[in-house]
Every structure is written in C-alpha cells, then in structure tokens.
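The following exercises concern the structure shown below. Please work through each task before reading its solution.

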Amino acid sequence: MGGTPFGKSLGDLGGSGRERARRRGQGQLEAQVLAALHHSSGPATAAWVQQRLGGDLAYTTVMTILSRLHTKQAVTRERSGRAYVWTPAADEAGLAALRMRRVLDGEPDRDAVLASFVSALSAHDEQLLRTLLDRAAADDGPAPGAAAPDDPGRREPSDHAHGG
C-alpha cells in the first residue's frame, strides 16, 4: 500500500475539503461563513464555524476565510485563550458592499466606473439608489467627495490622491 502512513482520513481532510472549497469559490465560502456566524448566539470559534458548515472544509480553510473576512472588516475577532472568537460585522449585503468599494478603490478612473455602473442599472434600481442617496444626504449630509446637486463636478481633494 503506497499511500500516506496516516491512512485515508488525512487525504479526506486535506484533498476533498480543498477540492470542494475550490468548487464553491471564495465569495461563496465567505457568504457561508458569514451566514454561520449570523446563526451563532454570540462570538464563535473557527471550529464551531467548521462544524456548522458540515465539517467538509479543513480547519485551515475556515481560518483562512475568517482571516480574509477580518481583513475586509466583515468580521471582528477577539482573543479567547489561545484562539480567536469571531463575530460578524456585516451581513451578506454588507460584504457585497465591501467588495464593491474595494473594486472601486482599485480603479484609477472612479468617475468612469461609477458612470458605467449607474448607466447599466434598471429603472427600479436607479430609483432605489436615488432614494438611498437622498436618505443618506438627509441623515448625514453629503458623503465626502459627493457632488452637491448644483455642482456635479465638485470633488474633494482626497479624491485626487486616489487617482479620481
């Protein structure tokens, strides 16, 4: 028998979990991990998340996803003994919004990206966006870098530092 000295279970933990993780894709895994955290009654360990997802993912894969979510500020973590406990900082919609902001932040021509995005919206989504922007403006005043209604070209100095 030429396999590993640890038998089939090692291969099952390493190989099949990674293969399933690849098939699911990082975004889907992140959403599943966030959903599991939202179902917890409080901060949860990576082992708890792994069990909640059915145990088919390697513990290290769950830790990697949690660490990526922490980097994206979608979860918070706190030391509990030698491990961390994790709490969602964003729901699935919040995670999608974080991804959208990261994409926008990585583009040199923010105006063109936003214009292209808005021009592709359905009439319903465009109206929803207008309503949300109006509500945000009424609640907090204009967002930094947002153009005033009478000055569509106004930009904040910090926009230039981001290539915008």
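**Exercise 1.** Identify which residues make the nonpolar surface patch of about 270 Å² in this predicted model.

*Solution.* The patch is made by Met100, Phe117 and Val118. Of these residues, Met100 lies in helix α5.

**Exercise 2.** Determine how helices α5 and α6 are oriented to each other, and which residues make their contact.

*Solution.* Step 1: the axes of α5 (residues 92–105) and α6 (residues 110–119) come within 9 Å and cross at roughly 135°.
Step 2: angles over 145 degrees count as roughly antiparallel and those from 65 to 115 as roughly perpendicular; the two helices are therefore oblique to each other.
Step 3: α5 contributes Met100, Leu104 and Asp105 to the contact, while α6 contributes Arg110, Val113, Leu114 and Phe117.
Step 4: by class, these contact residues comprise five nonpolar, two charged and no polar.

**Exercise 3.** State how many salt bridges are counted, and describe the one formed by glutamate 30.

*Solution.* Step 1: the count comes to three salt bridges.
Step 2: in one of them, glutamate 30 pairs with lysine 72, with the closest N and O atoms 2.8 Å apart.
Step 3: this pair links distant parts of the chain, 42 residues apart. Glutamate 30 is in helix α2 (residues 26–38), whereas lysine 72 is in the loop between α4 (59–71) and β1 (75–80).

Methods. Residues numbered from 1 in each chain as written. Predicted model: local features only at pLDDT ≥ 70, side-chain atom pairs only at ≥ 80, totals over all residues. Heavy atoms only, no water. Axes fitted to C-alpha atoms, helices over the stretch in contact; angles between N-to-C directions. Helix = DSSP H or I, 4+ residues; strand = E, 2+ residues; numbered from the N terminus. Parallel < 35°, antiparallel > 145°, perpendicular 65-115°, else oblique. Contact = heavy atoms within 4.5 Å. Nonpolar A, V, L, I, M, F, W, Y, C, P; charged D, E, K, R; others polar. Patch = residues over 30% accessible without salt bridge, like charges linked within 9 Å, V, L, I, M, F, W, Y side chains within 5 Å. Areas by Shrake-Rupley, 256 points an atom, 1.4 Å probe, with all protein chains shown as cover. Salt bridge = Lys/Arg side-chain N within 4 Å of Asp/Glu carboxyl O.
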